[in-house]
Amino acid sequence: MTARTAGWTLRRRVVVLLAVVGVLLGASVAVEIAVAAKNRDYTHAVLDRTGPLRAQSQELLSVLVDQETAIRGYALTGDRRDLEPYVQGGEREQQIYRSMRDLIGVYPALGRQLDTVEAEAGRWRSTVAEPVIRTTEEQGTTAGRALITEESRQRFDVIRTSVAQLQEGILVEREKGADNIYRTSSMLVLLLVGAAMVVAVAGAVLLISLERMVVRPLTGLAEQVREVAKGDFQHRITGAGPPEFLRLADDVDAMRQKIAKDLAEVREARERIEWVNSQLQKQAEELVRSNRDLEQFAYVASHDLQEPLRKVASFCQLLQRRYAGQLDERADQYIAFAVDGAQRMQRLINDLLAFSRIGRLTTGFTEVDLNEVMGDVAGQTEAARQYADGELTWDALPTIRGEEPLLTNLLANLVSNSIKFRRPDVPPRVHVSARLVGDEWEISCQDNGIGIEPEFADKIFVIFQRLHSKDAYPGTGIGLAIVKKIVEYHGGRVWVDTGTAEGTAIRFTLPALPEDVEAAARAAEQPPADGATGDGATADDDPATGGSTANDAAAGTGPAEDGAPADPATPAGDGGVRVELPRQGGARAVGTGGAPDSDGTKEAVG
């Protein structure tokens, strides 16, 4: 049996045990129900049959005695009133017979005895009572008394004996019923005790089985798991008990192996990370040394190289002024080459120094009003604009956090680039605008210059990247690289909008102040007023100028009417939030003009 049930699952064992217990308890309950039914029948017979029969037999004897007494009295007195107990007793006797026959049907012997009593009573009435009544009525009391003899008394004693036998039989049946009640009650108690023993044995077997099949295997498995949890990941976990626990142990061991494997990989990865960290530490040290060398180079470039370069440039210029026209034409050309090279070298060194200082020499971020910055930019680019008959305009610009000198340099480079790369015979027009997109300000610098081909849109921000010769457009090719570095230093990004129909639009983003973002969110939640357009412009706004009216142009506060590029409006559905700010004064400088350098593609230079 043990070998047969060794492979049984815990569920199967519990089900079998419960099934056996259920069958035993079910059989016990069925027997108990049958015994209880018998006990109920016996109790009913004792209480509802033999008990009333016994009482009615006593009443029957009393009624018969009353009848016999009434006959004796009537024979003595002759008074008809003395016969009333006899008459009433006869009626009551018949009622008792009918009642007893209803109860005595299950006892045939008692029924026969009851019939004997009734027959003896009938013979007594026909042979004794009725003759005494007729004789007394006809011949008087003396004749009636003469009929009451010893023989008549013996006949009534026969009735007494029959009733006594009936009572004895009823008592016997009652005793039998009481014995049956006691026997069935005892059997019920025994059955209940047996059921309790079955439950107790089943509980004991269940507890022992749980101890052997559940508690011990789980305890052993828990001890092994604790060993693994303490760090012994190579400890193999084995199971015992039912197949479920064996599979559980296998699953836990598989998990242990997976954890051990992952831990080994983590250790290897940590070793690799430590090695990489050591290499990074070495590289960081190399970078520190390289930065120190770079700072030393910057110091040398700004001091030691500047002095001999200034001397070369000064003496070359001195030769050019003093001996111009005294030597041959080739000597004048050579001196001009030397002067131009020295000047270009000075500009290149200054631009490299400016590029290296971005983000390294910092004064800290403050709130900078870009409108004031544009005023400084207008002043710095005034000479170039006068020479090219150029125009610079800008919309209201926001206040952001940043370094004012770097932001001034950023916008000055963009404006100077737009003026330099102009189309021949077309006065340059430069317009700066801003709009709030999410939590950033998108600032645009748009011109009507020569434009940029889409394939060169990413190359123009690379340092020293030139698309034209220095004779066509002068410069060192570092201006837009400085722009990109300043924008990224402020947490933004810069790109060329290749979708403009004319000229070039360079856009960059700068983080907006929280109050500007909240104000834009509140403005977006408010419904537009009557007569207003979806972007906040009034009915007389000019969409081509980004919301400026004709009065703005007349007052000189918006772009001039001669074709200056306008701030592109936010297209519907682009996710931007247009924030209308009051128009700032544009700067316009008109000079004597000058011949353009050449036509062609705009170059990304400063």
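Leu61 is located in helix 2, where helices (H or I, at least four residues) are DSSP runs numbered from the N terminus. The structure is a predicted model, in which local features need pLDDT of at least 70 and side-chain atom pairs count only at pLDDT 80 or more, while totals for chains, interfaces and linings use all residues. Residues are numbered from 1 along each chain as its sequence is written, and side-chain values use heavy atoms, with hydrogens and water left out.

When residues up to four places away in sequence are not counted, Leu61 touches Arg160, Val163 and Gln167, contact being defined as heavy atoms within 4.5 Å. Leu61 and Glu93 are separated by 32 residues in sequence, and their C-alpha atoms lie 9.2 Å apart in space.

Two packed helices are described by the angle between their axes and the distance between the axes. Axes are lines fitted to C-alpha atoms, for helices over the stretch in contact, and the angles run from 0 to 180 degrees between N-to-C directions. For helix 2 and helix 3 (residues 84-103), the axes come within 9 Å and cross at roughly 160°. Helix 2 is therefore roughly antiparallel to helix 3; angles over 145 degrees count as roughly antiparallel, under 35 as roughly parallel, 65 to 115 as roughly perpendicular and the rest as oblique. The crossing of this pair, helix 2 and helix 3, is left-handed, a term used if the near helix is turned anticlockwise from the far one by less than a right angle, with right-handed used if clockwise. By class, the contact of helix 2 with helix 3 has 13 nonpolar, 6 polar and 7 charged residues. Here Ala, Val, Leu, Ile, Met, Phe, Trp, Tyr, Cys and Pro count as nonpolar, Asp, Glu, Lys and Arg as charged, and the others, Gly among them, as polar.

Helix 2 (residues 10-77) also packs with helix 4 (residues 108-139), at an angle of about 15° and with the axes 10 Å apart. Helix 2 and helix 4 are therefore roughly parallel to each other, and their crossing is left-handed. Among the residues making the contact are Leu64, Glu68 and Ile71 of helix 2 and Ala121, Trp124 and Val132 of helix 4. The contact of helix 2 with helix 4 divides into 12 nonpolar, 2 polar and 3 charged residues.

Helix 10 (residues 370-380) and helix 12 (residues 404-420) pack at an angle of about 55°, with their axes 9 Å apart. Helix 10 is therefore oblique to helix 12, and helix 10 passes helix 12 in a right-handed crossing. The residues that meet include Val373 and Val377 in helix 10, and Leu407 and Leu411 in helix 12. This contact of helix 10 with helix 12 has 8 nonpolar, 2 polar and 2 charged residues.

On a 1 Å grid over the protein atoms alone, a cavity is a set of points where a 1.4 Å probe fits but cannot get out, and lining residues have an atom within 4 Å of a point. The count comes to 2 cavities of 30 Å³ or more. The largest cavity has a volume of about 50 Å³, a volume being the space filled by probe spheres set on the points, which are joined across faces, edges and corners. Its lining consists of Glu68, Ile71, Arg72, Trp124, Val128, Ile148 and Ser152.

Methods: Helix = DSSP H or I, 4+ residues; strand = E, 2+ residues; numbered from the N terminus. 1 Å grid on protein atoms, 1.4 Å probe; cavity = no way out; pocket = protein on both sides within 12 Å on 5 of 7 lines; lining within 4 Å.
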